[in-house]
Protein chains: 2
Amino acid sequence: MTQAASTPSTKMNSTHRRLLDAAVRIFAERGFRRTTVRAICEAADANVAAVNYHFGNKAALYDAAFDHARLRSNEANPFVQMDEARNFHAKQPPERRLYLFIRTMLEHQFRDGKPTDLTRLMTHEMMQPTPALDRLIEVSVRRVHANLVQIILDLSPKGTTDKQAHRYAMSVSAQCHFHHLALPMIQRLEPTQRYTPKALDDLANHIHRFTLAAVRGANDPV
Amino acid sequence: MTQAASTPSTKMNSTHRRLLDAAVRIFAERGFRRTTVRAICEAADANVAAVNYHFGNKAALYDAAFDHARLRSNEANPFVQMDEARNFHAKQPPERRLYLFIRTMLEHQFRDGKPTDLTRLMTHEMMQPTPALDRLIEVSVRRVHANLVQIILDLSPKGTTDKQAHRYAMSVSAQCHFHHLALPMIQRLEPTQRYTPKALDDLANHIHRFTLAAVRGANDPV
DNA sequence: CCTGGAATAAAACACTTGTTTGAATTATTG
DNA sequence: CAATAATTCAAACAAGTGTTTTATTCCAGG
């Protein structure tokens, strides 16, 4: 019989985990449609039937891989869970919180100079959304966005509306996400561009200053 | 025999053009991998063999469709060719040129409230680049980016380096492109968000003010 | 050791999909 | 009109792919 899908990670079979790891990596690389279960099984050193035995089918494996990537990413760097970061830094001035937000976001997206598996999976979801995207948004994106809006509100003049703050938040998110969303274009436009820790630092500083000047400058009258 | 690939548009066969139109639409919708030549032929009311007869194979049809979309887009709105817009507005003050740049970019990307076919094709290229991306960049993106950098330089204080201007330009492009690159996420985060002409107008104004305040504000010391 | 279920493996199945073939049809041209 | 080329079409091919089947191996618990 097929193994239960929600088996706790502790009693996971070895091939179960190997399949999951390979799936994350290859799905992130090629997206759902372009990856074959045979490629995953080969990478996981497992038989072709293993996917259906352990997960039911390819789609279920994809969902499991997405969740696995999200959990693994949070384990690797719990600080990156934005809602915790918010509490952690609640006492800091909003300028500082904005910087930490930007910096954390960028570090979450790039690792060893290239987008993380989770980031790549999410980017693929932008092109062909699946239920995994809805889950990710409800579980993480919505709270992160709310935190950003709050930071913006905290450093905006009184009377700033939620709608205005939302727009500013979008401009910040845009600057943070653009670099992985448009990576192929950026790389071709500026081949020397790198995403080393140092470069991410510079980038975070740029976005921070850019945003701070904008928010402190003119206010949208609308 | 197969029809020459570079047949001038004037003597294009009828099914040739129908295939191209259908290809643009469906490739834009689903990307290269997920669209089948059968789907295209059905939409074009042509036989399955028509693709190979008129274009050689699926990949060549894709390339042709990409070029077709680019040319058609330029024909539909020649003002949108940024390098022409630059000459056209060379006499305007840089603030005005920045606004026109942003506005034109947004209008180029959204049509009737949703991304244009060319924009969708380009977004797919972000996920799985093909030679079509390199062509697009050399033929259009590079010049557009250079124009933006020049605008930034024109409204920055003296002593602003190209590297700084490049960073500012990236922040502007990010804000312009984010809305179609991350559309599925934005729609789920803010379901009321629309991209009507009026909304694009507001958005352009926001990005314009945001950027202007940032550029006029602090300068990156790096 | 024996046994029964869990896990793995090899093979095959059913279906999709890009491509080709070869005949039929239509258009062009001398 | 005749003939030659261009185009369309139905059918089939070959390769790839998700999934299933069936048999075999592995391995705890009796």
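Chain A is divided by its domain assignment into domain 1 (9–73) and domain 2 (78–216), with bounds that come from an automatic or database domain assignment. This is a predicted model, in which local features need pLDDT of at least 70, side-chain atom pairs count only at pLDDT 80 or more, and totals for chains, interfaces and linings use all residues. Residues are numbered from 1 along each chain as its sequence is written, while chains are lettered from A and ligands numbered from 1 in the order in which they are written.

- Chain A has a mean pLDDT of 89, and 86% of its residues reach 70 or more; pLDDT is the predictor's confidence in each residue, from 0 to 100.
- Within chain A, confidence is lowest in helix α5 (residues 82–88), at a mean of 56, and highest in α2(A), at 98. Helices here are DSSP runs (H or I, at least four residues), as strands are (E, at least two), and they are numbered from the N terminus.
- Over residues 1–11 of chain A, pLDDT stays under 50.

**Where the domains of chain A meet**

- The centres of domain 1 and domain 2 of chain A, taken over C-alpha atoms, are 28 Å apart.
- In chain A, 12 residues of domain 1 are in contact with 9 residues of domain 2; two residues are in contact if their C-beta atoms, placed from the backbone, lie within 7 Å.
- On the side of domain 1 of chain A that touches domain 2 of chain A, α1 (14–34) and α4 (58–76) of chain A each supply at least two residues, and α1(A) gives the most, with 7 residues.
- That side of domain 1 of chain A has 6 nonpolar, 2 polar and 4 charged residues. Here Ala, Val, Leu, Ile, Met, Phe, Trp, Tyr, Cys and Pro count as nonpolar, Asp, Glu, Lys and Arg as charged, and the others, Gly among them, as polar.

**Where the two chains meet**

- Between the chains, 39 residues of chain A are in contact with 39 residues of chain B.
- Several helices of chain A give two or more residues to the side that touches chain B, among them α7 (117–127), α8 (131–155) and α11 (197–216).
- The largest share of that side of chain A, 9 residues, comes from α9(A).
- By class, the side of chain A that touches chain B has 19 nonpolar, 10 polar and 10 charged residues.

**Around the DNA**

- DNA strand D has 18 residues around it, and A:Thr36, A:Ala49, A:Asn57, A:Lys58 and B:Thr15 come nearest. A residue is near a strand if its C-beta atom, placed from the backbone, lies within 6 Å of it.
- Both α2 (37–43) of chain A and α3 (50–55) of chain B give two or more residues to the surface near DNA strand D.
- DNA strand C is surrounded by 19 residues, with A:Thr15, B:Thr36, B:Ala49, B:Asn57 and B:Lys58 the closest.
- The surface near DNA strand C divides into 9 nonpolar, 8 polar and 2 charged residues.

**A closer look inside**

- Buried residues of α6(A) include A:Leu98, A:Phe101 and A:Met105; a residue is buried if 20 or more other C-beta atoms lie within 10 Å of its own, exposed if 12 or fewer, and partly exposed in between, with C-beta atoms placed from the backbone.
- B:Ala165 lies in helix α9 (residues 162–181) of chain B, and B:Ala165 counts as buried because it has 21 C-beta neighbours inside 10 Å.
- Leaving aside neighbours within four places in sequence, B:Ala165 is in contact with B:Val149, B:Ile152, B:Leu153, B:Ser156 and B:Thr160.
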